Amino acid sequence: MLREISPSRVTRAPPFTPLWATSALAPDEGDSVPDDFTAPPRRDDPFGFPDWPPGPSTLAAWRQWATREPYDTAKQEISDTGPLIPEPSGPQAHAEARVLAALIREYGMHRPELTDGPYGIISVTPRPDELTIHIADHELERWARALAAAGIGTRAEASAQNSGTATAGVTLALDGARINLAPATPSTWLDATDSAAQRPASLGNPHHPTATDELTTVLSATLRRIGLLWDVAHRHSSVHLMLTEHAGKAYLLDASAGRHNLSVIPLWQALSMPLQLWPAGRAPRRVDAGAAVLEAVNVFKPEPAATDPAESLCHLMDLEATAVTRRAAAHALQIAQSVLDDPAHTSIWDAGGWIGTCRRSTARGEYSAHEDRLVPPGTERLLDAPGIDLLELGTLALRAQLSQKEVDDLRGLEKYQVPLWWGVDTLIELLNWALAAATSQPLADAQEHPASRRTLQRAAQEAASHMIAVHEVIEDVGAAELRRDHDTWRLSKPDALATERVPTVADLILAAHPHDVLDFRGLVKALTYFSYRVHSTAGLPDGHRSLEDDGDFPNSFTGHISTWYGQPCTLVGEEANHAAVGSAAYRRHLAAHHAAFDPFVECYLAAADQMPGEHDVAERHRAGAQALRTADLAALRALDPRWRPGGSDEFLRIVATVPLEVHEVESWVDDVFGDDA
């Protein structure tokens, strides 16, 4: 379980431009923002911790990063003794969890840049007994629909806003809790409610279960730190949170990175945020770190049974148990115990326990939803260990991963620096695994997987693998909702849509992950190799796919493009199989599978399929390209919600020059898009 590292793994994270530096997130006039404000430093570098506690201005900037409040408001709200983000009371937390669960069901996958914030939220101001949420004006209708569907009512009353003046506002009607919606007024909220009642619901995800007690803490904490989702959006273009159930428990998953990279790790841990931004509360139970390690290993019945926690911890992370590694493990267990006993660090129990952090570096290569490592709580004290020779510890770890020749080939400072880095990383991994064993779900009885005479080392390795597998299953349950067939690219669980519903191009694009939207650039790139492999296709009357003796296969031009580019295919017998691209039936097909064509692609494919009978690809491409040349491209662009008014027309000029001859497309793509092709 000991992962490999390189010197680049322990360098500082690159500087990050503050999100409020953009016009959409700029602070209000008159705010006094520190000149040196950047993103909170990520907990990804054990050599980069600050030498002194952060001062008031830094803490205010960190809070602003999480809440998106104006800086002056964030500074005023910070208590001298309380946490940076106040913890809510029980009823308040339950109310906030209900609100976020309702928003997750309504919005599904969405792009915060188009909604002026995650779930239409511009900023939040959290206090122990209330939460004020600033909502974008154009998102009030969606909020009204989401809250109504969740059975959450509102009441109009005088609410004191951050300015200190009492104004008529809107407060959610939840017993024992206070959630203010700003800048909504009773009249604007009534208008939004009326409008929501007259319009159909958006294409959100209908599969989400309701929030449960297990989720309350995580959901409430996420809503109070909603600004952190901007970091997610900047990495993946979209935000997609899901509520799922596994083994009788509910979990919050982040599917923003796409269907292959779902993550149950809480947001503040996933983004390697400073501990000051983590929620604090009560641990579910009192745990002895050493006893937890022994229990995890002994479940798999080693012979003889494990009795030394330090030795067992070494084997748990697949590290040879020697005098130096035992001393390091014993020290890691002491630090782990202090972390477990500190109420400021109870977030390590969230979402299946700390084993998720171990998975970030040791489990599987495709688990790449998180770009930064996370240095665990307690690392500052962990590394202050005068009795542990980090060079010797690192050398032992190196020899388990590298050949003796590779170790001997180290030159100059490398002979000191590389073992030191490995020693530091090994010590941190020991702490990670100690916390993982203490916070993981109880392991199943190993008799389900009998083995003759397990050694201690083998039992520990099986325990580690089992903890990882149990945690993986939490995400796999959610991934099942997003899983696509490898041949047809259809969702295994498509949405059921009302037949009278006709999604617009904007509806489809907003409900699809960016990876599942075929845009113009993706189309022409696909043509560069598609045209050499498919010579002719059938027309629309014959169906996008046809049934042959050994199965159904792509038949129309669109059918082939969908198969080659990973768009959901129609099936023989479905209404959409004989429907034109852009028709109500075909759009419903795309909506059911959370996919989309951009307006230019829709125009091109509809024209290419129009000719009946068998025609070669060159003819069909010529029809599609000609349709783009004669279309009102500005009007098509206006259908795409990703385009902002006032943008350059350069892209439209590019679309208008797409070659009529398919054999010229490849060189045209190279000339127009260059290295970005």
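Predicted model: local features only at pLDDT ≥ 70, side-chain atom pairs only at ≥ 80, totals over all residues.
Let's start with helix α15, residues 390–401: twelve residues at 1.5 Å each should span 16 Å, and the end C-alpha atoms sit 17 Å apart, so the two figures agree.

- The buried set in α15 is made up of Leu390, Leu393, Gly394, Ala397 and Leu398.
- Among the elements that cover these buried residues are α12 (323–340) and α17 (414–439).
- Which residue caps the N-terminal end of α15? That's Asp389, with a side-chain oxygen 3.1 Å from the backbone nitrogen of Leu391.

**Helix α10, another capped helix**

- Seven of the ten residues of α10 are buried, so this helix is largely enclosed by the rest of the structure.
- By name, the buried ones are Ala289, Gly290, Ala292, Val293, Leu294, Ala296 and Val297.
- Their packing partners are α11, α12, α17 and α18.
- Asp288 does the capping at the N-terminal end of α10, where one of its side-chain oxygens is 3.1 Å from the backbone nitrogen of Gly290.

**Trp433 in α17**

- Trp433 is part of helix α17.
- Is Trp433 buried or exposed? With a relative accessibility of 0%, Trp433 counts as buried.
- Trp433 and Cys314 are 119 residues apart in sequence, yet their C-alpha atoms are 9.1 Å apart in space.

**Thr528 in α20**

- Thr528 belongs to helix α20, which runs over residues 520–533.
- The relative accessible area of Thr528 is 17%; the cut-off for buried is under 20%, so Thr528 is buried.
- A polar atom of the Thr528 side chain lies 2.5 Å from the backbone oxygen of Lys525.
- Once neighbours within four places in sequence are set aside, Thr528 is in contact with Val665, Glu666 and Val669.

- Pro183 sits in the loop between β5 (179–182) and α6 (186–198).
- The bond from Glu303 to Pro304 is cis too, with omega near 0°.
- You'll find Pro304 in the loop between α10 (289–298) and α11 (309–316).
- Ala247 isn't a glycine, but its phi is positive, at about 55°.
- Ala247 lies in the loop between β6 (241–246) and β7 (249–254), and with a relative accessible area of 66%, Ala247 is exposed.
- Trp489, not a glycine either, has a positive phi of about 60°.
- The loop that holds Trp489 runs between α18 (456–482) and α19 (505–511).
- At 23% relative accessibility, Trp489 counts as partly exposed.

**The chain as a whole**

- The secondary structure comes to 27 helices and 13 strands.
- Of the contacts with a separation of 6 or more, 73% are between residues 24 or more positions apart.
- The chain exposes about 28,600 Å², with carbon and sulfur atoms supplying 52% of that area.

- The average pLDDT of the chain is 84, and 86% of the residues score at least 70.
- Where is confidence lowest and where is it highest? Strand β3 (residues 153–160) is lowest, at a mean of 66, while helix α23 (residues 599–609) is highest, at 97.
- Over residues 1–36 the pLDDT stays under 50, although the model has 74 contacts beyond four places in sequence for this stretch.
- Residues 363–368 also have a pLDDT below 50, and this stretch has 18 contacts in the model beyond near neighbours in sequence.

Terms used: Residues numbered from 1 in each chain as written. Heavy atoms only, no water. Helix = DSSP H or I, 4+ residues; strand = E, 2+ residues; numbered from the N terminus. Expected span 1.5 Å × (residues − 1). Buried < 20%, exposed > 50% of the residue type's maximum accessible area, 1.4 Å probe, protein only. Contact = heavy atoms within 4.5 Å. Polar contact = N/O pair within 3.5 Å; in protein donor to acceptor, adjacent residues only side chain to side chain. Areas by Shrake-Rupley, 256 points an atom, 1.4 Å probe, with all protein chains shown as cover. pLDDT = per-residue confidence, 0-100.
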